[in-house]
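Hi everyone, thanks for making time. Have a look at the slide, and then I'll walk you through it.

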Amino acid sequence: MQIGEIAALVGLTTRAIRHYHHVGLLPEPERRPNGYRAYTVRDAVLLARVRRLTELGLGLDEVRDVLADDAGRELADVLEELDADLARQEAEIGERRRRLAVLLAAPPGESEPVSPALAALFAKAPPTSSPSAAMDREHLTLLDASGVAGEELYAVLGPLAADPAVLALYERLDELAEAPADDPRIPALAAELVAAVPDEVFAAIPADGGPPVEGFARALLAAYPPAQAEVVRRVMEAFVVRGRG
């Protein structure tokens, strides 16, 4: 058979077959005196197997492993690995669809790219125009996107988010927007903010978040003006102490 004939037989293009030759996946067949490749039934069986494996999602390197006589992996091992990868992709797609459902269900202009658990937490918070509350919302959205925060933390934050008294604390933090870093109101506000946080929240915060969380903490402090940054710094330090305790 010539290349066009075997390509039509196994359902591949001649370009694909030439590529398989080029990358060493398929050995070059003998050539006839006129220079044309002479493919055999064995070549057709091999190409048909390559096509089936690539349709399953295997890459050419994985196909090469399967086709190898001795040194390659068993087909069952490769297919199990592929199945696990497809299951992971399926789970990721399911999560993306759940997030999309949250966005589609939200009123126009109010949707945010957050997880369903965080969206449920936001829904518990009373409406407010506080800039500090808006910043907290943005910070939680960032942690949500990075995967640092999760459903356990959002669940224990629910009562805190729904507490109207927390709005008064946000408003007091707003009042420090133009204040210096040594404003006398700072210690009391920081202490009250820490006291407002339930112990369950500290238990849900990882003891060691590693470099990503450390980098986020630095960026968080840099986002606030001096007095507010000092309040947030004190609160964060208290979080560390209570979290370790």
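Let me start with a question: in which helix is L189 found? The answer is helix α10, which covers residues 186-196. One thing to keep in mind from here on is that this is a predicted model.

Let me stay with L189 for a moment. Its relative accessible area is 2%, so it is buried. What does L189 touch, leaving aside neighbours within four places in sequence? The contacts are L169, R172, L173, L176 and V231. There is also a C-alpha distance to mention: L189 and Y170 sit 19 residues apart in sequence, and 9.7 Å separates them in space.

Now let's step back to the whole chain. The protein has 13 helices and zero strands. Of its 245 residues, 30% are buried. If you take the contacts with a separation of 6 or more, 57% of them join residues 24 or more positions apart.

Two packed helices are described by the angle between their axes and the distance between the axes. For helix α1, residues 3-10, and helix α2, residues 14-22, the angle is about 105° and the axes are 9 Å apart. That makes α1 roughly perpendicular to α2. Which residues meet there? From α1 we have I3, G4, I6 and A7, and from α2 we have T14, I17 and R18. By type, the residues of this contact are four nonpolar, two polar and one charged.

In soluble globular proteins, nonpolar side chains tend to be buried together. Here, the largest nonpolar core has 18 residues, and I17, Y20, L47 and V63 are the ones with the most contacts inside it. Which helices each supply at least two residues of this core? They are α1, α2, α3, which runs over 41-55, and α4. As for L47, its contacts beyond four places in sequence are I6, V10, L12, I17, Y20 and L26. Apart from this core lies another, with 15 residues, including L153, Y154, V166 and V197.

In helix α4, residues 60-67, the buried residues are V63, V66 and L67. Why do they count as lying on the same side of α4? Because the arc they cover around the axis is only 95°. Now helix α6, residues 116-124: its buried residues are L118, L121 and F122. Their arc around the axis is only 100°, so they too are on the same side of their helix, α6.

Two more residues before I stop. A76 is found in helix α5, residues 75-105. Is A76 buried or partly exposed? Its relative accessibility is 46%, so A76 counts as partly exposed. Along the chain, A76 is 10 residues from V66, and their C-alpha atoms are separated by 9.1 Å.

The last one is E230, which is found in helix α13, residues 226-244. The cut-off for buried is under 20% relative accessible area, so E230, at 15%, counts as buried. Not counting residues up to four places away in sequence, E230 touches A181 and I186.

That's my tour, and I'm happy to go back to any part of it.

Methods: Residues are numbered from 1 along each chain as its sequence is written. This is a predicted model: local features need pLDDT of at least 70, side-chain atom pairs count only at pLDDT 80 or more; totals for chains, interfaces and linings use all residues. Side-chain values use heavy atoms; hydrogens and water are left out. Buried means under 20% relative accessible area, exposed over 50%, partly exposed in between (1.4 Å probe, protein chains only). Helices (H or I, at least four residues) and strands (E, at least two) are DSSP runs, numbered from the N terminus. The arc is that of the directions from the helix axis to the C-beta atoms. Axes are lines fitted to C-alpha atoms, for helices over the stretch in contact, and angles run from 0 to 180 degrees between N-to-C directions. Angles under 35 degrees count as roughly parallel, over 145 as roughly antiparallel, 65 to 115 as roughly perpendicular and the rest as oblique. Contact means heavy atoms within 4.5 Å. Ala, Val, Leu, Ile, Met, Phe, Trp, Tyr, Cys and Pro count as nonpolar, Asp, Glu, Lys and Arg as charged, and the others, Gly among them, as polar. A nonpolar core is a set of buried Ala, Val, Leu, Ile, Met, Phe, Trp, Tyr and Cys residues joined through side-chain atoms within 4.5 Å.
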